Amino acid sequence: MAEPLSYVLIHRVDLFYEYQQQLIELLKLSSTDDAILGFDTTFDDQKAIQYLVSLEKEIASQSLQILVGQHQETLVVCCFFKRSHQQTTRHLCDLQKGMIHPHFRSQGLLEQTLAAIACECMAQGVELLTLDVRGGTKAHRIWEKCGFETYGILNDYSRFQGKSFDGYFMKQRTQDLWNRFKIFYTQGSEKMSVGTELIPKKEFRTQMRETLEKHLTLGHPLFKYLLDEKHPNSDLLKFTTLQGYQLTKNFLTYIEHLFFHCPLPKHKRALLHNMYEEETGRLSNTKNHVELMQDFVRALGISDAERDAATALPQTQALIDYRMIACKNPDLYHIGAAAVMVASEGQNLESVGDEARHNILGKVYDLKEADLLFFSVHQEEDVGHVQQGLALLADLCDTPKRQQEAIEAIETTCELFYQMYQGVYEYFGYDKQDQAAKAELIGEV
């Protein structure tokens with residue numbers, strides 16, 4: 001992972017004066033990137049001066065802020081925040097002219113900066129981020145990979161070298177962006193303070209398990225509707241299942257990366273068994289785990305075409321991305337292992353009283369035992385998988401910092417599962433329904 005940058009928010013003219021020359025130098029270096037910044041190849045000194053004057057006015061009027069990131073004394077990253085003065089649109093922020101110094105690209109600075117952007121915007125009460133980009137460019141593909149989704153396309157948005165290009169207008173909730181990239185945040189984040197002494201392995205394992213058990217997602221109000229025996233809701237179950245299917249499709253990829261990057265031979269062998277079961281189902285005498293989930297999906301009356309056309313809600317995608325980023329990066333291995341092997345595998349161990357949730361689902365929706373094999377297999381196997389994860393992390397986390405980051409990863413992953421259910425809850429409007437019921441109850445009291 002890249003060395004952490006030092007970030008500064010330019011929100012006053014005096015700060016702008018301090019950084020204006022470096023900003024122009026970065027703009028000039030980046031202006032040759034196919035004019036995606038809105039400049040053509042004639043961005044000379046005269047135009048630069050005119051541009052500085054316009055920036056100064058916008059900063060003075062408080063309609064523009066610029067987040068800059070420095071490596072030592074070199075400005076290597078910047079992003080423009082365009083805010084509105086209108087009371088009705090203060091929850092919005094438009095991201096403009098995001099740049100990374102050409103000599104510092106592909107070093108993980110994008111992830112750091114997106115985390116810093118999300119953190120700063122959340123601190124200012126910004127709930128929704130927007131941006132626009134020329135279609136088909138590298139920048140467009142990067143924003144898509146970072147979770148921004150298109151909400152509109154403008155034809156003839158940009159003209160460059162005699163050609164017309166469409167513009168893509170994109171958006172993402174600030175909280176979702178933070179959830180995706182918070183593991184890269186390096187300045188004043190909400191991470192736990194790191195102790196000076198290494199926690200003994202046994203105590204560390206206890207702390208990790210306690211963290212998992214403190215964040216039970218079955219407490220989410222969505223399950224009040226999902227497991228209501230008097231009022232079964234097939235549409236809700238189908239939609240929730242299709243969101244869960246998005247997670248299942250990616251799970252083997254997480255395990256494959258954890259196996260590949262595992263630095264400890266003993267635990268690598270355990271991961272190989274886990275991967276073999278996910279791929280074949282032979283250890284449980286069933287079948288490939290994605291196929292098991294597909295059987296459950298079909299049992300609900302969902303066609304294969306409908307299943308394959310389903311897409312992840314932003315909250316679901318944030319959970320997918322958080323784990324994928326950590327699992328693919330060897331520097332974040334302990335975070336990926338904690339997120340997948342403890343927090344994710346641990347989700348299948350939850351129960352309502354003494355009864356597993358899939359058994360309750362079977363009763364409410366009249367499902368057969370064969371339909372629920374995906375869940376029963378995981379409930380049995382994941383007891384061992386969580387134990388493997390705890391043992392791996394106890395051996396792997398050999399510094400106080402790593403131990404704290406692993407505990408935080410468990411907590412964050414559980415929170416992201418909760419947010420996934422929140423996304424479904426809001427999609428069906430239950431949040432408004434429950435708020436109205438609560439308001440009515442208070443009124444009666």
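## Ground rules

Since we're looking at a predicted model, local features need pLDDT of at least 70 and side-chain atom pairs count only at pLDDT 80 or more, while totals for chains, interfaces and linings use all residues. Numbering starts from 1 along each chain as its sequence is written, and side-chain values use heavy atoms, with hydrogens and water left out.

## The whole protein

Let's start with the big picture. The secondary structure comes to 17 helices and nine strands. Both are DSSP runs numbered from the N terminus: helices are H or I with at least four residues, and strands are E with at least two.

Taken along the principal axes, the C-alpha atoms fill a box of roughly 75 × 55 × 55 Å. A compact globule of 445 residues would have a radius of gyration near 22 Å, and the protein's 24 Å agrees with that. (The radius is taken over C-alpha atoms, and the globule rule is 2.2 Å times the number of residues to the power 0.38.)

## The seven-stranded sheet

Now for the sheet. Seven strands make an open sheet, in the order S1-S2-S3-S4-S5-S7-S6, with mixed pairing. Two strands pair if DSSP finds at least two bridges between them. Strand S1 (6-10) and strand S6 (149-160) sit at the edges with a single partner strand each, so one side of each has no neighbour in the sheet. On average, and ignoring direction, neighbouring strands are turned by 25° against each other.

Here's how some of the strands pair up. S3 and S4 run antiparallel, joined by six bridges, and Cys78 has Met99 in S4 as its bridge partner. S4 and S5 run parallel with three bridges; there, Leu92 stands opposite Leu128 in S5. S5 and S7 are antiparallel over seven bridges, with Leu131 partnered by Met170 in S7.

## The S6-S7 hairpin

At this end of the sheet, S6 and strand S7 (residues 163-173) pair in the antiparallel sense over eight bridges. They form a hairpin with two residues between them, and Gln161 in the turn has a positive phi of about 50°.

You can follow the pairing residue by residue. Arg159 has Ser164 in S7 as its bridge partner, Leu154 stands opposite Gly167 in S7, and Ile153 is partnered by Tyr168 in S7.

## Helices on the sheet

Helix H4 (residues 138-145) packs on the sheet and touches S5 and S7, where contact means heavy atoms within 4.5 Å. The direction of H4 makes about 155° with that of S5. Such angles run from 0 to 180 degrees between N-to-C directions, and axes are lines fitted to C-alpha atoms, for helices over the stretch in contact.

## H3 against H5

Helix H3 (residues 109-123) packs with helix H5 (residues 174-181) at an angle of about 140°, with their axes 8 Å apart. H3 and H5 are therefore oblique to each other. (Under 35 degrees counts as roughly parallel, over 145 as roughly antiparallel, 65 to 115 as roughly perpendicular and the rest as oblique.) H3 passes H5 in a left-handed crossing, meaning that the near helix is turned anticlockwise from the far one by less than a right angle; clockwise would be right-handed.

On the H3 side, the contact includes Leu114, Ala118 and Met122, which are among the residues that meet a set in H5 including Leu177, Trp178 and Phe181. By class, this contact has nine nonpolar, two polar and one charged residues. Here Ala, Val, Leu, Ile, Met, Phe, Trp, Tyr, Cys and Pro count as nonpolar, Asp, Glu, Lys and Arg as charged, and the others, Gly among them, as polar.

## H8 against H9

Helix H8 (residues 234-261) and helix H9 (residues 265-280) pack at about 155°, with axes 9 Å apart. That makes H8 roughly antiparallel to H9. H8 also passes H9 in a left-handed crossing.

Phe251, Leu252, Ile255 and Phe259 are among the H8 residues in this contact, and the H9 residues they meet include Leu271, Leu272 and Met275. The contact of H8 with H9 divides into nine nonpolar, one polar and four charged residues.
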